[in-house]
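Here is a short report on one protein chain. Keep the structure in view and find each residue as you read.

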Amino acid sequence: MLKLGILISGNGSNLQAIIDAIAAGRLDARIEVVISNKPGAYGLQRAEAAGIKAITVKPSSFADAADPTHCYNDALRQILESCEVDWVVMAGYMKLLGSEVLDAFPDHVINLHPALLPSFPGAHAIEEAFAAGVPVTGVTVHIANERFDDGPILARVEVPVLSDDTLDTLEARIHEAEHKLLPQVLATLH
């Protein structure tokens, strides 16, 4: 059984997809902790409703430290290690992880990105793909490293951009693809 630590920044719909896959028996895993960098993120409520430990670690809490980025990442590492997770999953987590976490979980930190990497890296991938008028975009799951949306790709799925798509309809289909792909990839991990 995989022991997961999930990092989120917002709604937590991908977290919910993982919770649902575990409940349905499609994923042999247990979520040990959900950590958000944003207080009040709805994903924290999803975690609590499922009986999962939910913690907020605000980067701004470390602003006065000599090295705030190191201190923030070290705090994440300490929580993840204390929860004895095997894998760290960035599921809509909108910060770059530092070496403190990546080195503690070598090749065991994965990221979900709403585009076909290496195209459209960054926080606005869906909007950028839509504005570029590409015929196909998609979803990528990859091993994370210290660069945004970089690292070995584990799986990708294409999502066509339809002629009558709006940004909202495309975004909805991309999220639907994310909710399927992420639990499928997690089910292949050891």
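## The model and helix H2

This is a predicted model. Start with helix H2, which covers residues 42-49. Its buried residues are Gly 43, Leu 44, Arg 46 and Ala 47. Look down the axis of H2: these buried residues fall within an arc of 155 degrees, so they line one face of the helix. The face turned away from that buried side carries Glu 48 and Ala 49, which are exposed.

What does the buried side of H2 pack against? Its partners are strand E1 (2-8), helix H1 (13-23), strand E2 (29-36) and strand E3 (54-56). After H2 comes Gly 51, with a positive phi near 75 degrees.

## Gly 43, a buried residue of H2

Gly 43 lies in helix H2. Is Gly 43 buried or exposed? Its relative accessible area is 0%, and the cut-off for buried is under 20%, so Gly 43 counts as buried. Leaving aside neighbours within four places in sequence, Gly 43 is in contact with Ile 8, Gly 10, Asn 11, Gly 12 and Leu 15.

Now compare two kinds of distance. Gly 43 and Leu 189 are 146 residues apart in sequence. In space, their C-alpha atoms are 23 Å apart.

## The largest pocket

Rolling a probe the size of a water molecule over the atoms shows where empty space is left. The largest pocket holds about 700 Å³ of space. It is lined by 35 residues. Which of them are closest to its centre? They are Gly 92, Tyr 93, Met 94, Leu 112 and Pro 114.

Several elements give two or more residues to the lining: H1, strand E5 (109-113), helix H5 (125-132) and helix H6 (167-187). The lining residues divide into 14 nonpolar, 14 polar and 7 charged.

## Ile 174 in helix H6

Ile 174 is found in helix H6. Its relative accessibility is 1%, so Ile 174 counts as buried. What does Ile 174 touch, not counting residues up to four places away in sequence? The list is Pro 114, Ile 126, Thr 137, Gly 138, Val 139 and Val 159. One of these, Pro 114, is also among the residues closest to the centre of the largest pocket.

Ile 174 and Pro 160 are 14 residues apart in sequence. Their C-alpha atoms are 9.3 Å apart in space.

Asn 111 sits in strand E5. At 6% relative accessibility, Asn 111 counts as buried. Its side chain makes a polar contact of 3.2 Å with the side chain of Asp 149. Beyond its neighbours within four places in sequence, Asn 111 is in contact with Met 90, Thr 140, Val 141, His 142, Ala 144 and Asp 149.

Where is Asn 145? Look in the loop between strand E6 (136-143) and strand E7 (153-160). The side chain of Asn 145 makes a polar contact of 2.8 Å with the side chain of Asp 150. A polar atom of the Asn 145 side chain also lies 2.8 Å from the backbone nitrogen of Arg 147. Leaving aside neighbours within four places in sequence, Asn 145 is in contact with Leu 96, Leu 97, Leu 102, Asp 150 and Gly 151.

## Backbone exceptions

Most residues other than glycine have a negative phi, and most peptide bonds are trans. Glu 84 is not a glycine, yet its phi is positive, about 55 degrees. Glu 84 lies in the loop between helix H3 (68-82) and strand E4 (87-90). At 53% relative accessibility, Glu 84 counts as exposed.

Asp 107 also has a positive phi, near 55 degrees. Its place is in the loop between helix H4 (99-104) and E5. Asp 107 is exposed, with a relative accessible area of 57%. The peptide bond from Leu 117 to Pro 118 is cis, with omega near 15 degrees. Pro 118 lies in the loop between E5 and H5.

Note on methods:
Residues numbered from 1 in each chain as written. Predicted model: local features only at pLDDT ≥ 70, side-chain atom pairs only at ≥ 80, totals over all residues. Heavy atoms only, no water. Helix = DSSP H or I, 4+ residues; strand = E, 2+ residues; numbered from the N terminus. Polar contact = N/O pair within 3.5 Å; in protein donor to acceptor, adjacent residues only side chain to side chain. Contact = heavy atoms within 4.5 Å. Buried < 20%, exposed > 50% of the residue type's maximum accessible area, 1.4 Å probe, protein only. Arc of directions from axis to C-beta. 1 Å grid on protein atoms, 1.4 Å probe; cavity = no way out; pocket = protein on both sides within 12 Å on 5 of 7 lines; lining within 4 Å. Points joined across faces, edges and corners; volume = space filled by probe spheres on them. Nonpolar A, V, L, I, M, F, W, Y, C, P; charged D, E, K, R; others polar.
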